[in-house]
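Here are my notes on this one, in the order I'd talk them through. Have the model open alongside.

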Amino acid sequence: MTTVTQTMRPSIHPGETIDAAHERTRTTLKELGAYQSVNPNARFQNFVFRNTQHRRHQIIAALEEARKPQIAERMRDCCSKLYLYRHQPTASYATRANSCGYRWCPNCGPVQVYMARRRVLENLPPPQHRLSFLTLTQPAVLDRPLGECIRNIRTAFTRLRKTDLWHKYVSAGVYVLEITLNNQTGWYHVHIHAIIDARYIPDHQLQDAWSEALRTPAILNLSAVDNPLATGRYLASYMAKPLPDELYADHARLASALSALVGVPTMKTFGAWHGLHLATRDRQAAADAAGPLDEWQFIGDIDLLVFRARSGSTLAAQHLRDAGYGEVLPTLLDRPQTKPRPPPWLFNAA
Ligand SMILES: [Zn+2]
């Protein structure tokens with residue numbers, strides 16, 4: 001028997017613990033009657049994406065169009081593999097579904113947002129000065145591609161953070177990007193929304209510094225954070241929609257937008273918070289919650305376990321029973337095997 005060598009990262013719903021995620025996966029599989037089918041994994045995946053299949057296909061097709069085959073492949077695989085693990089000290093079982101972890105995946109996106117929000121609330125150190133919300137805008141430009149808009153605003157923000165003014169007042173911060181489309185013109189608007197730990201900055205000075213960093217007159221908004229609990233909600237609200245809805249109507253544009261977004265961090269820290277673990281991919285937390293990895297024994301792929309149980313393996317059947325799945329009925333073996341009929345044109349040709 002092998003033990004788990006990789007981090008267990010089940011597909012978690014917002015607010016769910018690892019145990020609850022495993023239990024939900026198991027219950028879903030059971031309720032789907034997956035054991036009466038030859039391929040429980042595929043049935044589980046169809047169930048997970050039952051309401052979002054169309055959007056998911058749009059994104060996968062756009063990623064292929066954008067020549068990101070590996071990312072498309074990983075997204076296509078999301079929730080398609082189910083594995084059974086056994087926790088050796090307690091002899092309890094866990095069913096794990098894999099997940100792609102991309103923010104534009106209909107299954108993983110909301111989880112990423114939830115995790116990011118929780119981590120902002122839990123991990124931001126107490127401010128040295130006071131917390132403020134800062135919105136930095138840049139004027140929309142005719143038909144400028146999304147990649148260019150993102151590069152432009154991020155470069156300007158880096159420039160701003162190198163100014164004396166910034167160093168004098170701001171000690172730390174975290175930011176996210178917001179991407180919207182203007183309904184009338186169809187042009188992209190990319191803004192930066194940040195939480196900063198700063199002393200009181202005169203608005204007009206910051207405004208001038210931002211315009212200079214952007215090399216064009218632009219506006220910003222600065223307001224004090226009244227309730228620290230609002231910080232997580234603030235960032236999460238902008239992360240919840242990685243792409244504007246209007247983009248889904250235009251396949252070519254969606255492809256180029258996704259191509260521009262791949263590799264751009266969802267949330268980024270700077271100053272004294274630089275390097276703080278606010279990453280939205282929460283592998284370590286998932287691993288910690290599941291206990292030491294070497295205590296988990298890998299039992300097998302659910303598809304294959306069911307197949308083996310049906311084929312007479314008492315060990316596979318025992319594992320499934322102990323994991324709470326009940327008896328696997330050897331229905332497929334009992335049923336007389338009928339050969340599928342060939343389609344009519346082949347039939348005629350033969
Ligand atoms: Zn996913």
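1. The overall count first: the protein chain has 15 helices and 8 strands, taken as DSSP runs (H or I over at least four residues for helices, E over at least two for strands) and numbered from the N terminus. Bear in mind that this is a predicted model, where local features need pLDDT of at least 70, side-chain atom pairs count only at pLDDT 80 or more, and totals for chains, interfaces and linings use all residues. Residues are numbered from 1 along each chain as its sequence is written.

2. On burial, 34% of the 350 residues in the protein chain count as buried, meaning 20 or more other C-beta atoms, placed from the backbone, within 10 Å of a residue's own.

3. Now the sheet. It is open and antiparallel, with 5 strands ordered β6-β3-β5-β4-β7; pairing here requires at least two DSSP bridges between two strands.

4. One to click on is Ser132, whose bridge partner in β6 is Ala224.

5. Helix α5 (residues 108–123) spans 22 Å from first C-alpha to last over its 16 residues, close to the 22 Å expected at 1.5 Å a residue (that is, 1.5 Å times one less than the number of residues).

6. Among the buried residues of α5 are Cys108, Val111, Tyr114, Arg117 and Arg119. Their cover includes β4, α9 (230–239) and β7, going by contacts, with backbone-placed C-beta atoms within 7 Å.

Technical notes: A residue is buried if 20 or more other C-beta atoms lie within 10 Å of its own, exposed if 12 or fewer, and partly exposed in between; C-beta atoms are placed from the backbone. Two residues are in contact if their C-beta atoms, placed from the backbone, lie within 7 Å.
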